[in-house]
Amino acid sequence: MKLYNKTIHDLHEDLKEGRVSSTRITEDVFQRIDDVDDQVRAYLTLTRESAMESADEADERYRKGDFLGQLDGIPMAVKDIFMTDGVKTTCGSKILENFIAPYDGTVVAKVKDSGAVITGKVNMDEFAMGSSNENSGFFPTHNPWNTDMVPGGSSGGSASSVAAGEAICALGTDTGGSIRQPASHCGVVGMKPTYGRVSRYGVIAFASSLDQVGPLTRDVRDCAILLKAIAGHDPADSTSAKIPVPDYPSLLTGDVEGMRVGLPEEYFGEGLDPEVEELVRAAVTILEKRGMKPVPISLPSTRYAVATYYIIAPAEASSNLARYDGVRYGVRYPEAKGLMEMYKKTRSQGFGVEVQRRIMLGTFALSAGYYDAYYGKAQRVRTMIRREMDEAFSKVDVLLAPTAPTAAFPIGDRVDDPLRMYLSDVFTIPVNIAGVAGISVPCGLSSEGLPVGVQLIGPSFKEETLLNVAYAYEQERGEFPECPL
Amino acid sequence: MEYEPVIGLEVHAQLKTDSKLFCGCSTRFGKEPNANTCPVCLGMPGVLPVLNRKVVQYTVMMGLATNCRIAGESIFARKNYFYPDLPKGYQISQYEAPICEDGWVEIKANGEARRIGITRIHMEEDAGKLVHEGAFDSSHSSFVDLNRACVPLMEIVSEPDIRSPEEAGAYMRKLRDIVIYLGICDGNMEEGSLRCDANISIRPRGSDTFGTRAEIKNMNSFRFLQAALEYEFERQVDLIRDDGHVVQETRLFDSNRGVTSSMRSKEEAHDYRYFPEPDLVPLRIGPDWVEQVRQSLPESRDEKIGRYVGEMKLSEYDAQVLTSDPVTARFFENVVRGGAKPKAASNWVMGEFMRLVKEAGVEAAKITPEQVAHIIMLVETQAISGSAAKAVFEQVFDTGQDPDRVVKEQGLAQVSDEGAIREEVQRVLDDHPDDVARFRAGKQKVLGFLVGQVMKATKGKANPKLVNEILRELLSK
């Protein structure tokens, strides 16, 4: 197997045994990027030079036998939403086209401290608003399984880079499905941890009460390794939880005998592609073979989740994006005659159509006289959805559902139909609304040869359970086909 | 018809913490522009606020000092508006659930004690400062200084209980006393560490309805506050009397012309789109902690005045003067603690001490309260005379030297040797035969002059009591 297609844990063994160097792996990954990125277009910025330096340092540590852990020397792609000291950080937006981050966010600092080799910054929908990467302010990323297709979004660059062998693993963020949906479309594992599990400090905010950082990897073990490295309380993020981080990789036993998997009926209804449904239901059978018991369950408030999300997320975004005003950093419209014109021109030229749409939506939802009817009500529905989800977890250990209603769709297919685009996230959004954890694991290929993911949802701060069920599933499922690119 | 004003004040007090409200940057004033900044207070992408515990403590202190209820759970909110001095495009403040509610303070105006209700007290961050290049109306560029951005403020909102500009001034002075005595704010209106906006409307005296109000801004001294409210009251009365009506708007006070003028109408008012700050968790405060803060509250000015008059038997006037600022009050109390009688301590602190401080500034004062107490003791035991004591005081004030040493080095020890004084008295009487004659003829006043001559001859060292006795004795011969 090519080095660039291997997992973190395999490469770590190779590095430990001295069979390969981090420099070799990193060179290999950059060679792969040179070979295929003109087709995939995953990267916005390459950090080749600093990556080679990091690889060199990792090799030195392995030589001395004092490596930093399983991530040491592993090439990793970072979504361009993460503040990365001294590196251009655009969040996929023209308005930050020239912006060099002045500090490392907590997660970036953590993976650096774990010895990871950062290969560069990967593409995304502008400010993480989108489900196809077509909203990138620069160019769309393509799905490595079929370059006519979208990779999903907003962490499309992260998912496609891992799928195409342009990185061994990647960091993404998930506000309404932005890790899990592209993971599903690109045939990789992607996890959104519980809200508060991973620090948001240094993650450019989209919707603060929903945003969460997570890993995109080749398999479940890698996911556990990367989550372990990034999770934990951060004094710089008041919303991060003071809950100890279990040693996720060592808890992957594959023993799920007697555990209950809930099948929420609302996730298997209208809008779900029959082919996807078939593949997802087959995943239930696989888990049954491991001794898990399927339990039919109902989550009736699910139908309000998308509407709730499209009030709360834009409302928070309208405020979070106010700082991009051309005053202190980023792009400023140069010829404005006064302050108002500077604001208006800077923001209407700097932000793309979807971002402007959501700022307008959110501004409206928070306006005097509308607040109670929209934002206030959305918060009440959110509480309801959360309670319903919590209640479900008193009956079952995990929930199982499709990650996305369809496999990857063609580039250009939904750009003119925002509502249809929004429905790409219908099965992932409730997880963010409830604040619980979710993971997407590849479960098969569609008739067109496109990957499909199954989503497992677990209770708050029980990522170890979720990962273990995903691991059991993956073991029973067997080897997943390699990306044809 | 006679009208009365209905006034409510919104007071912003800058809290005297070392670091800012949501980051570790220094709050120190006077640094070069943008020196006290970091990614958080610059509003860089990806940053998050972390609440400064000290700010919570200070605000709870204020709440307790103004009889407020301290909320067990309060939440922060975002106030959204665009301005170049506001780095994030929103100010983190408190809106629906402030930390303190429903309090009051008592003020005295026109000899009458009145309670002014406090609606709420909340915490919020300050904005930065714009510096315009060139003249304001022809300026082509502006500079942004964010040293002040994210500095902690406490906003105190009163009920519309104030009925005159004098009461507004008294209320403001009361708040100033409270924050200064709590040690949580400088209370300096001119420098902006204490700021105030007023809402004012008018109504026929005795009515219980409210008129349309105007909000007045830019009153940066006690004098301007009263002047602005007086002007605005008259303006509104004139409007109503002329069958006009008051427009709800924000007005700016021009201290040069002494008038208020329209800044923006209600229609132009911002919609701040408040919503709960998702980057901060609700602030929970336990009753134990509140109790702990309550126990640690320093004595207020009113309590001090009460104690000075009640226990120390000082006059109301002396108590007022001594407590005009907490530094003087503390100094006075330490003089008493050093063994001086309150009345003597009060005389020396209000007299020599405050005079010298006024001349040279409080930084120049090298004298300790213990030294003052010692000087008072020297006078009381007649070791030095009152006039010598003043000289000693001044020197110790300037140098901090030991008073005993000053007395010794300058030879100021009082002479109580009767023989020596008798000699001096006799010499003075011999030198002034005319005055002696005038005294004997009944001019009692001459005695003072003769005492003065003796004191002068002894360089102030003679015990004045003895001088007096001996003078009378020799003159009556």
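A salt bridge is counted here where a side-chain nitrogen of Lys or Arg lies within 4 Å of a carboxyl oxygen of Asp or Glu. With that rule, a search of the whole structure, which is a predicted model, finds 57 salt bridges over all chains.

Local features in this predicted model need pLDDT of at least 70 and side-chain atom pairs count only at pLDDT 80 or more, while totals for chains, interfaces and linings use all residues. Residues are numbered from 1 along each chain as its sequence is written, chains are lettered from A and ligands numbered from 1 in the order in which they are written, and side-chain values use heavy atoms, with hydrogens and water left out.

**View 1. The interface of chain B and chain A.** Contact (heavy atoms within 4.5 Å) between the two chains involves 37 residues from chain A and 31 residues from chain B. The buried area, meaning the accessible area (1.4 Å probe) that two parts lose on being put together, summed over both, is about 2,700 Å² here, and carbon and sulfur atoms give 60% of it. Of the area that chain B buries against chain A, 23% is supplied by Pro45(B), Phe82(B) and Arg273(B), more than by any other three residues.

View 2. On the side of chain B that touches chain A, β4 (77-80) and β15 (275-276) of chain B each supply at least two residues, strands being DSSP runs of E with at least two residues and helices runs of H or I with at least four, numbered from the N terminus. The rule finds 1 salt bridge across this interface, and the side chains that meet in a salt bridge are those of Asp279(B) and Arg200(A), at 3.1 Å from N to O.

**View 3. A network of salt bridges around Arg200(A).** Salt bridges link Arg200(A), Asp237(A), Arg78(B), Glu277(B) and Asp279(B) in a network. Within chain A, Arg200(A) forms a salt bridge with Asp237(A), their closest N and O atoms being 4.0 Å apart. Because Arg200(A) lies in the loop between β5 (189-192) and β6 (212-217) and Asp237(A) in the loop between α7 (220-230) and β7 (260-264) of chain A, the pair ties together parts that are 37 residues apart in sequence. Arg200(A) and Asp237(A) are both buried, where buried means under 20% relative accessible area, exposed over 50%, and partly exposed in between (1.4 Å probe, protein chains only).

**View 4. Two salt bridges within chain B.** Glu125(B) and Lys88(B) form a salt bridge in which the closest N and O atoms are 2.8 Å apart. Glu125(B) lies in strand β7 (residues 112-125) and Lys88(B) in the loop between β4 and β5 (90-93) of chain B, so the pair ties together parts that are 37 residues apart in sequence. Glu125(B) is buried, with a relative accessible area of 3%, and Lys88(B) is buried, with a value of 10%. In helix α12 (residues 418-431) of chain B, Glu424(B) and Arg427(B) lie 3 residues apart, about one turn of the helix, and their side chains meet in a salt bridge (3.1 Å, N to O). Arg427(B) counts as partly exposed, at 43% relative accessibility.

**View 5. Glu333(B) and its surroundings.** Glu333(B) is placed in helix α7 (residues 326-337) of chain B, where Glu333(B) is buried, with a relative accessible area of 11%. Leaving out residues up to four places away in sequence, Glu333(B) touches Glu299(B), Lys304(B), Arg307(B) and Tyr308(B), and the side chains of Glu333(B) and Tyr308(B) make a polar contact (2.5 Å).

**View 6. Backbone details in the loops of chain A.** A cis peptide bond, with omega about 10 degrees, joins Gly153(A) and Ser154(A), and Ser154(A) has its place in the loop between β3 (117-122) and α5 (156-163) of chain A. Arg41(A), which is not a glycine, has a positive phi of about 60 degrees and is found in the loop between α2 (22-40) and β1 (43-46) of chain A.

Definitions and conventions: Polar contact = N/O pair within 3.5 Å; in protein donor to acceptor, adjacent residues only side chain to side chain.
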